[in-house]
Amino acid sequence: GYNWGGKGGGSHVNSSGTNTIFSTSNWSSHGQLFIVADASTSVLYSFTSHTFTNCGSTGTDGPTLSECSSSYGSSSSYWWNNTDYFNVTGASGVAGIQVWTVPATKNYTITAKGAREGYSAAVGGSSGAIVEATFSLTKGDKYMILVGQMGSAGQGTGNWWASGGGGGTFMVKGDNYTNITLSDALIVAGGGGGSAASSGNVDTN
């Protein structure tokens, strides 16, 4: 339910963003969301930059809190192991929505990358979009981050492979995924559309 069609289509940047850059059909892996902070003196916790990933999760289900803790680093000294600053939510059995608390009021440059589709031979045809913009965020506000996961390839029965599309990568204001609107979306990078292949000939249309 988190996949976006097209070749990196469905991307979006909130009107509050500046220095926006769109780049389609460039990213050939699972999605990412990379945040870099300007300098600041009043902070909830020390933060310079962080890359939010799929935490090793594949398929239709997103990562759990424990999986993200293991992926990012399990030491209790890290901010992502304090649930006041980081948590994972989502529908029962799916999860995968990472909730991040803004550490300080300042500018953040955010780069979102949508995931590629699932057939590994379709290089370049159905990669995820890359979107970058700078936003002024407020200390203590929470944002939901959903990192797209690569589609799965078919079984190759009859020398035919059909792959699922890659998931889009989203950053949305708030911590309640059941009550959001388009205006809450800060940045979205669309995932690559699904592809099919027969005898080594890839069709991404």
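Let's start inside: Phe 52 is buried, at a relative accessible area of 0%, where buried means under 20%, exposed over 50% and partly exposed in between, with a 1.4 Å probe and protein chains only. This is a predicted model, in which local features need pLDDT of at least 70, side-chain atom pairs count only at pLDDT 80 or more, and totals for chains, interfaces and linings use all residues. Residues are numbered from 1 along each chain as its sequence is written, and side-chain values use heavy atoms, with hydrogens and water left out.

Phe 52 sits on the covered face of strand S4 (residues 49-52) together with His 50, while Ser 49 and Thr 51 make up the uncovered face. Strands here are DSSP E runs of at least two residues, helices are H or I runs of at least four, and both are numbered from the N terminus. S4 runs antiparallel to strand S3 (residues 32-37), joined by 4 bridges; two strands pair if DSSP finds at least two bridges between them. Ile 35 stands opposite His 50 in S4.

Now for the rings. Searching the whole structure turns up 16 aromatic pairs, meaning Phe, Tyr or Trp rings (the six-membered one for Trp) with centres within 6.5 Å; planes under 30 degrees apart count as stacked, over 60 as edge-to-face and the rest as tilted. Phe 47 and Trp 100 have ring centres 5.5 Å apart and planes at 45°, so they're a tilted pair. Phe 47 lies in the loop between S3 and S4 and Trp 100 in strand S6, so the pair ties together parts 53 residues apart in sequence. Both are buried, Phe 47 at 9% and Trp 100 at 0%. Phe 52 and Tyr 72 are edge-to-face, because their centres are 6.4 Å apart and their planes at 90°. That pair links strand S4 to helix H1, 20 residues apart in sequence. One aromatic cluster includes Phe 47, Phe 52, Tyr 72 and Trp 100.

Next, the open sheet: 6 strands with antiparallel pairing, in the order S1-S12-S11-S9-S6-S5. Strands S1 (12-13) and S5 (86-89) are the edges, each pairing on one side only. Helix H1 (residues 65-72) packs on the sheet, touching S5 and S6 (97-101), and its direction makes about 135° with that of S5.

Finally, there's 1 salt bridge, i.e. a side-chain nitrogen of Lys or Arg within 4 Å of a carboxyl oxygen of Asp or Glu. Asp 141 and Lys 173 form it, with the closest N and O atoms 3.6 Å apart. Asp 141 is partly exposed at 22%, as is Lys 173 at 41%.

How values were computed
Contact means heavy atoms within 4.5 Å. Axes are lines fitted to C-alpha atoms, for helices over the stretch in contact, and angles run from 0 to 180 degrees between N-to-C directions.
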